[in-house]
Amino acid sequence: MPRFTAENTILARDIIARYPRPKSALIPLLHLAQEQDGYVVDDAMEHIAELIGVTAAEVLGTCSFYEMFKREPVGEYLLNVCTNIACLLVGGEELLEHLEGTLGIKPGSTTADGKFTIEDVECIAACTEAPCLQVNYRYFYKVTPEAADALIDDLRHGRRAHEVPKHGVLARTRQQIPQATRAGNAVPGLASEPVWLRTAAVASEGGA
Amino acid sequence: MTVSDAPPIVSTRFGLDDGHTLEGYLATGGYEGLKAALAKAPTEVGDEVKAASLLGRGGAGFPAGTKWGFCPPGVWPRYLVVNGDESEPGTYKDRLLMEKDPHQLIEGALIACYAIGAAQAFLYVRGEMALAQERIAQALNDAYVAGYIGQNILGTDFSVDVVLHWGAGAYIVGEETALIESLEGNRGMPRLKPPFFPAAKGLYLQPTVVNNVETLANLPWIMTNGAAAFTRLGTEKAPGMRLFTVSGHVKNPGVFEVEYGVTTFRDLIYDPVYGGGIRDGNELKAFIPGGGSAPWFLAEHVDMPLDPSIVGPSGSMLGSGAIVVMDSTTDMVKACWRLVRFYARESCGKCTPCREGTSWLEKILARVLAGEGRAADLDLLLDVVDNISPAPFPKAKTEAGDWEAVPFPYKRTTICDLGPSVGSPIVSALLHFRGEFEAYVDRGVPVEVARV
């Protein structure tokens, strides 16, 4: 059961350094763990706890609250099918049932070959493109049963690899804060009035 | 019809292929608002935003300039937190702003930081929105290199870091104190009030302004064109332009930026340039005027203008600007149950009335839908709602039911509005479509016309 790799440990420290308090990095680090291993393993949570200076129980407490963190393996492709109101009205539930039939599984479970997991999810903010679904958090709009089957076939044969990364990978572009030009963290107890407010006040007094 | 030809403010780059790049942004007037702001004193920027009466676009509709003014003097550091956790059922507009025009949001955030004296900003993007996270990360990277973020921005003494942060799947994190808890690495549970505004005690208990994505996206335009130009659009109580998501049973679902306070629900639902009317020539049965948490309106309310000062007293809310249209074929019991299940799943569990109430309401409705409901279940639903939101529930005045309007907002026995929101689909559906529930209870089946 892996902790962070050496490379990801460096990345983790870089993420922690962006926040005035290390614990704020907890959710981004859980995402990093999920990106590394496909789900959040216990040792990764222990490692996160060490890195940010909290107990492993606190990491688990946060991890278990959020729906996107999986503490057991899921399929290579996580299909999130929206059935909330806007999708329900135009066939979201039928789409979900169709996918259940195609894959032979119920929401919350994974196909025997480990390829697909289906989830019946809440509104994913694509209401004008209903019914919609996400595969590893990439959107597919106005999905008909035929389009869903074609998508499954594509995914099964690796034809969508360029647009759908493996489960756990969210943004493929990371923020890079340049050390030379960053402003620095605003740490409670250490920060004083920002200089641009002071100079503006002095300028207006001078003008008056 | 009152479709105005006012030019859009925040959606001007939605149709561009490169609107999300720094080059595309700069070629279309990007960062001019920041330059205009930096030429003024921070207090002048704050005054300008206050004069624009820019109402928050997240849901509560609180004036942004007033919210900024709640930061206690002399307490440092202050933070800006951008709420990009859009997840209200029916709402799809902040994601567009983040994917299609991330620099506009960043520019708006920088203007806000300059005005309020925030030395660090956190951009909280919903976890499921991978593309928005990518686009914002790239935009931030480019903006740092170009000198729009970081030390001594554009050669001034204004310095701020903007940090991309992202969630992990929890509707409740859209509530601003829950969002702050999440940003501190905790479970996203709302904080006990008072303090009512994070501007007093927010992130790390420091003064923190939490603004919605669309709210901030308006700031560059306001800086460039002035508050007076902004208030010339819309109405006195609902100035400017606003994004509305129109979904459900319309011919042309879409996200439309329209003149606030002037445009009506009828325009958005029926006008060919917007929703285009009800699909298949069907009749309008009901519509949700402001996201899943808003009490429903009926066909008789379509001529109401999109003005929170009218919609609120009329018994609902414009909320997140999400209009969900239901036609005559809609099974209202099913629609009600699906929304209730949302609140049952998303309750954080902190307050007992919400944790227990939402899940019991979902179970009762599931029983009714399964044809196993009891006659007493319908009043039981209202009784449970009353335990979460005591007193008459917000509802619209209707002729047929001879009901008087009960103004928004809700009363509540909970810390936040998630719990009472579950009452909106229940009270709305039971008031207006009780016969459909009775058909399920009496005969175990939906009424004839009512098939989703």
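Mentor: Let us begin with strand pairing. Two strands are said to pair if DSSP finds at least two bridges between them. The structure before us is a predicted model. In chain B, five bridges join S1(B) to S4(B), and these strands run parallel. One of the positions to look at is B:Tyr79, whose bridge partner in S4(B) is B:Thr208.

Trainee: Which residue stands opposite B:Tyr79 in S2(B)?

Mentor: That residue is B:Gln120. Strand S1 (residues 78-84) of chain B is joined to strand S2 (residues 118-125) of chain B by seven bridges, and the two run parallel.

Trainee: What is the general idea behind such pairing, and in what order do the strands of this sheet lie?

Mentor: Strands of a sheet pair through backbone hydrogen bonds, either parallel or antiparallel. Here four strands of chain B form an open sheet in the order S3-S2-S1-S4, with parallel pairing. Strand S3 (161-166) and strand S4 (208-212) of chain B are the edge strands, since each pairs on one side only. On average, neighbouring strands of this sheet are turned by 20° against each other, direction ignored.

Trainee: Which helix packs on the sheet, and which strands does this helix touch?

Mentor: Helix H8 (residues 176-183) of chain B packs there, touching S1, S2, S3 and S4 of chain B. The direction of H8 makes about 105° with that of S1(B).

Trainee: How should I read the side chains of a strand, taking S4(B) as the case?

Mentor: In a regular strand the side chains alternate between the two faces of the sheet. In S4(B), B:Thr208, B:Val210 and B:Asn212 point one way, while B:Val209 and B:Asn211 point the other way. For burial, the cut-off is 20 or more other C-beta atoms within 10 Å of a residue's own. Five of the five residues of S4(B) are buried, so S4(B) is largely enclosed by the rest of the structure.

Trainee: How does one judge the chain as a whole?

Mentor: A compact globule of 452 residues would have a radius of gyration near 22 Å, and chain B agrees because its value is 22 Å. Along the principal axes, the C-alpha atoms of chain B fill a box of roughly 75 × 45 × 35 Å. The secondary structure of chain B comprises 18 helices and eight strands, and buried residues make up 62% of the chain.

Trainee: Which residues have the most contacts inside the largest nonpolar core?

Mentor: They are B:Leu80, B:Val81, B:Ala109, B:Ala121, B:Leu123 and B:Phe287, in a core of 214 residues. Leaving aside neighbours within four places in sequence, B:Ala121 is in contact with several residues, including B:Tyr79, B:Leu80, B:Ala109 and B:Val162.

Trainee: Into which domains is chain B divided?

Mentor: The assignment gives domain 1 (22-231), domain 2 (241-325) and domain 3 (332-443). The C-alpha centres of domain 2 and domain 3 of chain B lie 22 Å apart. Their contact takes 16 residues from domain 2 of chain B and 18 residues from domain 3 of chain B.

Trainee: Finally, how many residues does each chain bring to the contact between chain B and chain A?

Mentor: Chain B brings 71 residues and chain A brings 60 residues. On the side of chain B that touches chain A, the largest share, eight residues, comes from H7(B).

Notes. Residues are numbered from 1 along each chain as its sequence is written. Chains are lettered from A and ligands numbered from 1 in the order in which they are written. This is a predicted model: local features need pLDDT of at least 70, side-chain atom pairs count only at pLDDT 80 or more; totals for chains, interfaces and linings use all residues. The radius of gyration is taken over C-alpha atoms; the globule rule is 2.2 Å times the number of residues to the power 0.38. A residue is buried if 20 or more other C-beta atoms lie within 10 Å of its own, exposed if 12 or fewer, and partly exposed in between; C-beta atoms are placed from the backbone. A nonpolar core is a set of buried Ala, Val, Leu, Ile, Met, Phe, Trp, Tyr and Cys residues joined through C-beta atoms within 7 Å. Two residues are in contact if their C-beta atoms, placed from the backbone, lie within 7 Å. Axes are lines fitted to C-alpha atoms, for helices over the stretch in contact, and angles run from 0 to 180 degrees between N-to-C directions. Domain bounds come from an automatic or database domain assignment.
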